[in-house]
Amino acid sequence: MSGSKGKDIAEGSSTAGENAPDQQNPPPLSRYESQKRRDWNTFGQYLRNQRPPVALSQCNANQVLDFLRYLDQFGKTKVHLQGCVFFGQPEPPGPCTCPLKQAWGSLDALIGRLRAAYEENGGLPETNPFASGAIRVYLREVRDSQAKARGIPYKKKKKKRNPAKANDESSSFHMQ
């Protein structure tokens with residue numbers, strides 16, 4: 001009996017006709033799309049919970065920054081404070097009372113998803129609070145402070161120079 005039940009599910013049996021399953025069951029969202037929707041809903045809920053509530057159309061970079069700071073309470077990344085004996089140590093030998101915060105990479109990815117969701121939900125790129133310079137500055141400060149606290153300097157990847165020019169220079173060097 002249970003075998004036929006699984007078969008019906010596997011075959012997508014439906015009484016509404018052959019084309020109906022496509023209309024009723026849109027393809028599942030990708031992991032990224034699911035996360036983006038969840039993040040967007042969470043941010044919307046955050047704005048509604050503000051006193052007074054903030055309409056999405058009235059949202060600005062300050063609310064986004066407040067949201068990012070609010071999320072720190074749910075973070076899992078130990079960020080040593082300047083006075084901590086473990087400040088600057090990548091792998092501290094023991095526990096300390098320094099706070100847990102959101103990791104820079106998580107915040108950076110979150111802002112990327114929210115930036116895309118804002119425009120997908122009718123927001124104009126020119127008014128996108130997630131694309132604000134203040135957000136970029138905040139993320140850079142978080143990245144740098146977390147790197148210092150862990151003793152792991154963040155090194156910006158150097159942009160590749162024009163490879164054609166480099167090849168010209170190296171080929172002329174070899175010809176001599």
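**View 1. Confidence along the predicted model.** In this predicted model, the mean pLDDT of the protein is 81, and 73% of its residues reach 70 or more. Over residues 1–21 the pLDDT is below 50, and this stretch has 3 contacts in the model beyond near neighbours in sequence. Where pLDDT is low, the predicted coordinates should not be read in detail.

**View 2. The packing of helix α4 against helix α5.** Helix α4, which covers residues 61–71, packs with helix α5, which covers residues 104–120, at an angle of about 140 degrees, and the two axes are 12 Å apart. The helices α4 and α5 are therefore oblique to each other, and their crossing is right-handed. From α4 the contact draws on V64, F67, L68 and L71, while α5 supplies L107, L110, I111 and L114. Sorted by class, the contact of α4 with α5 consists of 8 nonpolar residues, with no polar and no charged residues.

View 3. The loop between α3 (31–48) and α4 contains P52. The peptide bond that leads from R51 to P52 is cis, with omega near -5 degrees.

**View 4. The packing of helix α3 against helix α4.** Helices α3 and α4 pack at an angle of about 105 degrees, and their axes are 11 Å apart. The two helices are therefore roughly perpendicular to each other. In this contact, T42, F43, Y46 and L47 belong to α3, whereas Q63, V64, D66, F67 and Y70 belong to α4. By class, the contact of α3 with α4 has 6 nonpolar, 2 polar and 1 charged residues.

**View 5. An aromatic pair within helix α3.** The structure holds 10 aromatic pairs, and one of them is formed by F43 and Y46, whose rings are stacked at 6.5 Å centre to centre with 25 degrees between the planes. Both F43 and Y46 lie in helix α3, where they are 3 residues apart, or about one turn of the helix. F43 and Y46 are also among the α3 residues that make the contact with α4.

**View 6. The packing of helix α3 against helix α5.** Helices α3 and α5 pack at an angle of about 80 degrees, with their axes 9 Å apart, an arrangement that makes α3 roughly perpendicular to α5. On the α3 side, Y32, E33, Q35, K36, D39, W40 and F43 take part, and these meet L110, G112, R113, L114, A116, A117, Y118 and E120 in α5. The residues of this contact between α3 and α5 divide into 8 nonpolar, 2 polar and 5 charged.

Methods
Residues are numbered from 1 along each chain as its sequence is written. This is a predicted model: local features need pLDDT of at least 70, side-chain atom pairs count only at pLDDT 80 or more; totals for chains, interfaces and linings use all residues. Side-chain values use heavy atoms; hydrogens and water are left out. Axes are lines fitted to C-alpha atoms, for helices over the stretch in contact, and angles run from 0 to 180 degrees between N-to-C directions. Helices (H or I, at least four residues) and strands (E, at least two) are DSSP runs, numbered from the N terminus. Angles under 35 degrees count as roughly parallel, over 145 as roughly antiparallel, 65 to 115 as roughly perpendicular and the rest as oblique. A crossing is left-handed if the near helix is turned anticlockwise from the far one by less than a right angle, and right-handed if clockwise. Contact means heavy atoms within 4.5 Å. Ala, Val, Leu, Ile, Met, Phe, Trp, Tyr, Cys and Pro count as nonpolar, Asp, Glu, Lys and Arg as charged, and the others, Gly among them, as polar. pLDDT is the predictor's confidence in each residue, from 0 to 100. Rings of Phe, Tyr and Trp (its six-membered ring) pair if their centres lie within 6.5 Å; planes under 30 degrees apart count as stacked, over 60 as edge-to-face and the rest as tilted.
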